[in-house]
Amino acid sequence: MDFTETKSYGCKVNVTLRSTMPVVGCEMNPSVSVILEGPLPVPFHSCSVNFKWYKEAKICSIHDDMLATIQCVSCVKLNIPRKESYHCSTKCLLNSWQAHQQRHHFETERRTLTGEAQTMRKLRSCGSWLEFGSECLTDEAAMVDGGGKDWFLVSCSKSYVPEVDDVGSILKLDCVAVDLLTNTALSELNETMTNPVIEFPVAQPRSMVPIPLLDESSSLCSTSLNDFTFSILSYNILSDIYTYQKYHNCPTWALVWEYRRHNLLREIIKYNADIICLQEVQSDHFENFFESKLTEEGYMAIYKKKNNEVYTGNQLVTDGCATFYRRHLFKEVEKHEVEFIKKTSPVIEALEPDLRSEASKHLMKDNVALVVILGTLENSCTKYAAQSRICVVNAHICSDPKLPDVKLFQVVTLVNELEKMLQSEIPLLICGDFNSVPQSDPYTFMVNGKVESSESVDPYGVYQHLKLVHRFLLASAYASFGLAAAMDERQLGKFNQKTREPVLTFRSKRFSKTLDYIFYTVNSLEVEAVLDLLDHEDVANGLPSPLWSSDHIALMSSFRILPKNSPATRSEQEGSA
């Protein structure tokens, strides 16, 4: 983190960058404040800040007194030192082409690379900058000298987004406080330098893995063209308000939101799910980023945020659950919001009077769930599927490991609410971050339909006032896959052999756990495939990381809607036992 102060005239300018490592495509957005320290010039109108972003100019590899305007892409691909790839003009490159090409051949043989095309690209120069820069570029030279370096002016905006041809270049931000009307300087120039720009990391692919067939009697064998199949993604994306001073294993540049949002969006879009359930979606990030970006990808958006907000320096924000669905496949039929903090009153009132105050503080946690009933559209489905409805639940359960009774209270409350909402049997999916490991009470309640109360984790006697049984026949999508006898050895190693759940869905520097699930009703839905998992080796240095921008991993499953009154398959019955 870079922190620079300047003091002059009547003002002091403070400039802070959360990361000084610029990444291609990721906005550099400084935090800037102006503090009054002395008398201001008279007359004084109002204060503003002028911004100028520069990038380090490149020198021609042939003519050291000329600035480069062309870069050989083959040099970059062959990892030839970048300074040898720059030329001041096309003529310069062509005149040195014979020796330049020999350099390519030498590196190709040495690195055993083949098929590299000798191409070039134009760098941004004074003339071309005017196409993308600010109006201020037309009023002054685009190149300045400073600190023994030549600098190209690339933007007069507060923020700057590095581009591909910035890779390897240092950026410099100049800030000065000025009188808004007279443009008189009110502070000395503040210079903030960055590290060289780096390329955006290449994504690590994850693909869908079909569930193996156990035998010919499996209902998967009877899939017909009249069946409606769809996919659903569940992902806790880690709200930015929870990242400060916590994830020391992750480089700062990969932890800032400007990087993580692009990496998360790239990952989510790549999965191409029909329904997306995201948890820990920060309220301002939903409004200013995810809603618009995923709408562009063909989704409709629904959001439920928590009640308690925190101040982030310029606004009050919180996080919540966001559900997206493809608008050409589904329509919203009903929406219900579950605020667990509002569901505590009946239970609290049933307790002994001397327990109510402490129990209320204990149970009232600001967690939420979003329930959406979707109807399939006729123009994208078969006649049978067009009449189908699917209930999608997106939940985020209390995370405190010291409160197992609160976790069970919230899960039981959620399912009890669903029983009231769903008077008829329709396919049900309950996705989210349950913050509960396999075989815990909340997990057992979900898949077994009941759980025995335990006084050891019920300090206020809450369990006796809960309905610890439900009618839904639920199973975990990944456990159903994990029970498949034909699973290959590679996939088998990513599952816990006892629980058949993933070995991890959450990873920190110190430990890993399985906390996230996609539960479904086995008498109305059938798992067809799941998203390939990550294992301990994939996340050896912890999460988040430059490749994976959350401390959780995404889960995804594709389902087929079964005909009504279909019996559950044998593996699914075993999975829910």
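Good morning. Contact here means heavy atoms within 4.5 Å. With that cut-off, residues 24 or more positions apart account for 74% of the contacts in the protein chain with a separation of 6 or more.

A word on the source before going further. This is a predicted model, in which local features need pLDDT of at least 70 and side-chain atom pairs count only at pLDDT 80 or more, while totals for chains, interfaces and linings use all residues. Residues are numbered from 1 along each chain as its sequence is written, and side-chain values use heavy atoms, with hydrogens and water left out.

Let me begin with the chain as a whole. The protein chain holds 15 helices and 28 strands; helices (H or I, at least four residues) and strands (E, at least two) are DSSP runs, numbered from the N terminus. Of its 577 residues, 54% count as buried. Buried means under 20% relative accessible area, exposed means over 50%, and partly exposed is in between, with a 1.4 Å probe and protein chains only. The chain exposes about 26,600 Å², and carbon and sulfur atoms supply 50% of that area. Accessible areas come from the Shrake-Rupley method with a 1.4 Å probe, and for residues only the protein chains shown count as cover.

I turn now to a sheet. Seven strands form an open sheet with mixed pairing, in the order β12-β27-β28-β13-β14-β18-β15; two strands pair if DSSP finds at least two bridges between them. At the edges are β12 (208–210) and β15 (299–305), each of which pairs on one side only. On average, neighbouring strands of this sheet are turned by 25 degrees against each other, direction ignored. For such angles, axes are lines fitted to C-alpha atoms, for helices over the stretch in contact, and angles run from 0 to 180 degrees between N-to-C directions.

Helix α6 (residues 257–271) touches β13 (229–236), β14 (275–282), β27 and β28, and its direction makes about 160 degrees with that of β13. Helix α7 (residues 283–296) touches β14, β15 and β18 (319–326), and its direction makes about 165 degrees with that of β15.

Within the sheet, consider β14. Eight of its eight residues are buried, so β14 is largely enclosed by the rest of the structure. β14 pairs with β13 in the parallel sense over five bridges, and Ile232 stands opposite Ile275 in β14. With β18, β14 pairs in the antiparallel sense over six bridges; here Cys277 stands opposite Thr323 in β18. Elsewhere in the sheet, β27 (residues 525–531) and β28 (residues 555–561) are antiparallel partners over five bridges, with Glu526 opposite Arg560 in β28.

The loop between β27 and β28 contains Pro544. The peptide bond from Leu543 to Pro544 is cis, with omega near -5 degrees.

Which residues touch the most other members of the largest nonpolar core? They are Phe230, Leu429 and Phe559, in a core of 65 residues. A nonpolar core is a set of buried Ala, Val, Leu, Ile, Met, Phe, Trp, Tyr and Cys residues joined through side-chain atoms within 4.5 Å. Apart from this core lies another, of 44 residues, among them Phe340, Phe409, Val447 and Val462. Leaving aside neighbours within four places in sequence, the contacts of Leu429 include Phe230, Ile232, Tyr520 and Phe559.

Tyr520 brings us to a polar contact: its side chain meets that of Ser480 at 2.6 Å. A polar contact is a pair of N or O atoms within 3.5 Å; within protein, one must be able to donate a hydrogen and the other to accept it, and residues adjacent in sequence count only if both atoms are side-chain atoms. Ser480 lies in helix α13 (residues 477–482) and counts as buried, at 2% relative accessibility.

Is Thr505 buried or exposed? Thr505 is buried, with a relative accessible area of 0%. This residue lies in the loop between α14 (489–492) and β24 (506–507), and a polar contact of 2.7 Å joins its side chain to that of Asp516.

Finally, two residues other than glycine have positive phi values. Asn183 has phi near 65 degrees, sits in the loop between β10 (170–179) and β11 (190–196), and is partly exposed, at 49% relative accessible area. Gln439 has phi of about 75 degrees and is found in the loop between β22 (428–433) and α12 (441–448). Thank you for your attention.
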